[in-house]
Amino acid sequence: MVGRASLRAAVKSLCRNSGSSVASRQQIVVRVNSKLKTSAFAASHSAAPARRLQNSKLARLVPALLDWFAKNARDLPWRRTRDPYAIWVSEIMLQQTQVKTVIPYWERWLRELPTFAAVAKAGPNKIHKLWEGLGYYTRARNLQWAAKQIMEKHGGKFPRNFDDVLALPGVGRYTAGAICSIAFSQPTPILDGNVIRVLTRIFGIAGNPKEKETNARLWKLAEALVLNAGGARLRRAQTSFTKSPTNHKKRHGPTESRPTENTNHSFLNQSLMELGALVCTPRNPQCGVCPVKKLCVALRENRVNELPDLGKREAATARRFVAFVAEQNGRFLVRQRPAGVVNAHLWEFPNVEILNGKSDPKLLAKNILGAKPPKLQPLCTVIHSITRYRITLEAFRAQLRETSHTNSSKMGIWKTPAQMQQLAFTAAHKKLASAAFDCILSAR
Ligand code: SF4
């Protein structure tokens with residue numbers, strides 16, 4: 001039997017919340033000439049009246065967005081640096097994950113793996129453990145793969161060329177655009193869910209953004225905006241974020257920040273992301289305080305709730321699994337998922353998907369654990385959603401006899417709670433581990 005103290009330590013670790021919060025807001029000090037000149041991009045495309053109208057709208061949008069961002073941007077830790085390594089890690093983590101969730105992961109990752117070389121050399125368990133709970137683990141594996149390429153092909157320095165950045169594993173057009181604009185002040189556009197929502201509403205674009213034509217139109221608008229931002233004259237281009245470095249910056253010396261450099265491309269892109277996150281939200285957007293409300297077609301035409309037109313959402317698919325928390329002499333049976341499957345290389349309790357609706361736990365236990373457990377009790381049910389799946393995981397506690405050990409190499413590996421803390425579990429099985437240990441503790 002496992003000791004209470006050992007189980008409590010395991011529960012605490014498995015439920016751990018790194019607990020870091022967003023730092024207090026600080027203002028970005030950047031001012032834009034209100035008489036903005038349109039860029040070469042805009043000028044070369046200004047023949048038609050419709051185009052002229054759009055250019056004049058772009059020229060009004062850019063200073064409004066930059067001024068708003070200067071006053072309202074959140075002081076996020078990765079905004080205090082121009083270090084491409086730190087920005088790259090933040091952008092990969094922010095794919096499909098919210099800012100408040102990412103902050104403690106980002107801080108821990110940079111503390112534990114402060115350089116490309118450290119990421120390239122790290123063992124797979126270290127990479128997975130640092131990512132545990134963030135989900136979409138391919139991102140973590142791609143980070144390491146990309147770090148290896150940066151060490152081998154780029155001499156350990158993050159490439160500045162957009163196409164080289166785009167060629168890195170795990171980096172798509174949005175992420176390459178974000179990194180190049182934020183770290184290197186390049187006029188590279190970005191288009192993600194937040195930016196799509198903002199642009200479709202401001203310009204009243206009705207088509208589905210996933211369709212080729214609408215998508216291309218949105219990329220063009222994003223490009224026109226970021227290029228126009230380059231034409232905005234700055235009075236001061238230093239942010240108070242860069243004056244107040246993070247610990248990361250203190251440890252690693254000056255970043256690539258250049259206080260006199262035009263940061264408008266970076267801030268314009270970030271203003272679109274920020275507006276989508278804070279004001280132009282999917283539900284109940286704050287149009288009353290929106291800096292571009294006078295230019296917004298959706299607001300003028302009362303179509304805010306219609307845009308963007310994302311089509312019908314696919315209904316969630318229910319999937320049911322039965323899992324066994326098998327216990328023997330203070331150890332638990334766990335197994336590692338193989339390569340090439342969802343959540344590859346992560347750990348889990350032995351389990352099976354129930355496809356025909358019927359399940360006899362005793363029979364399942366015999367098949368999965370290789371022995372009929374003398375004691376089998378219902379333990380808990382974990383509900384977990386991942387992508388379009390709603391997963392129900394029914395767990396049973398199985399106490400096995402000593403002789404069952406012989407099958408451990410085939411069925412999994414026996415680990416103590418302390419050893420389990422070192423392993424990276426899938427999100428559903430991490431929930432199961434903490435719920436299971438709680439149940440076992442309270443039953444004693
Ligand atoms: S006015 Fe409303 S709908 Fe239009 S961009 Fe602003 S928040 Fe979004």
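This is a predicted model: local features need pLDDT of at least 70, side-chain atom pairs count only at pLDDT 80 or more; totals for chains, interfaces and linings use all residues.
## Around α7

Just after α7 (124-131), glycine 133 takes a positive phi of about 100°. Residues are numbered from 1 along each chain as its sequence is written.

Inside α7, the buried residues are Ile127, His128, Lys129, Leu130 and Trp131. "Buried" stands for 20 or more other C-beta atoms within 10 Å of a residue's own, "exposed" for 12 or fewer, and "partly exposed" for anything in between, with C-beta atoms placed from the backbone. The cover over those α7 residues includes α5 (99-112) and α8. Residues are in contact when their C-beta atoms, placed from the backbone, lie within 7 Å.

Glycine 123 counts as exposed because it has 9 C-beta neighbours inside 10 Å. Its C-alpha atom is 9.7 Å from that of glutamine 144, a residue 21 places away along the chain.

## Helix α8

Glutamine 144 belongs to the buried set of α8, together with Ala140, Leu143, Ala146, Ala147 and Ile150. These cover an arc of only 165° around the axis, so they sit on the same side of α8; the arc is that of the directions from the helix axis to the C-beta atoms. Turned away from that buried side is a face with the exposed residues Glu152 and Lys153. As for what lies over the buried residues, the list includes α4 (84-94), α6 (116-121) and α7 (124-131).

The length checks out too: the 16 residues of α8 (138-153) should span 22 Å at 1.5 Å a residue, and the end C-alpha atoms are 22 Å apart. That expected span is 1.5 Å times one less than the number of residues. Just after the helix, glycine 155 has a positive phi of about 60°.

Which residues touch the most other members of the largest nonpolar core? Out of 110 residues, they are Leu199, Leu225, Phe324 and Leu432. Domain 1 (40-306) and domain 2 (316-443) both give residues to this core, so it lies between them. A nonpolar core is a set of buried Ala, Val, Leu, Ile, Met, Phe, Trp, Tyr and Cys residues joined through C-beta atoms within 7 Å, and the domain bounds come from an automatic or database domain assignment. Leaving out residues up to four places away in sequence, leucine 199 touches Ile205, Leu218, Leu221 and Ala222.

## The ligand shell

The ligand is surrounded by 15 residues, the closest being Cys280, Pro285, Cys287, Cys290 and Cys296. A residue is near a molecule if its C-beta atom, placed from the backbone, lies within 6 Å of it. α11 (193-203) and α16 (297-300) each supply at least two residues of the shell. The biggest giver is α11, with three residues.

Most residues other than glycine have a negative phi, and most peptide bonds are trans. The loop between α16 and β1 holds both asparagine 302 and proline 308. Asparagine 302 has a positive phi near 55° and is exposed, with 8 other C-beta atoms within 10 Å. Leucine 307 and proline 308 are joined by a cis peptide bond, with omega about -5°.

Asparagine 329 has a positive phi near 50° and is exposed, with 11 other C-beta atoms within 10 Å. Glycine 330 is partly exposed, with 13. From C-alpha to C-alpha, glycine 330 is 8.3 Å from lysine 415, though the two are 85 residues apart in sequence.

## Whole chain

The protein chain has 20 helices and seven strands, and 41% of its 444 residues count as buried. Among contacts between residues at least 6 apart in sequence, 75% join residues at least 24 apart.

Definitions and conventions. Helices (H or I, at least four residues) and strands (E, at least two) are DSSP runs, numbered from the N terminus. Two residues are in contact if their C-beta atoms, placed from the backbone, lie within 7 Å.
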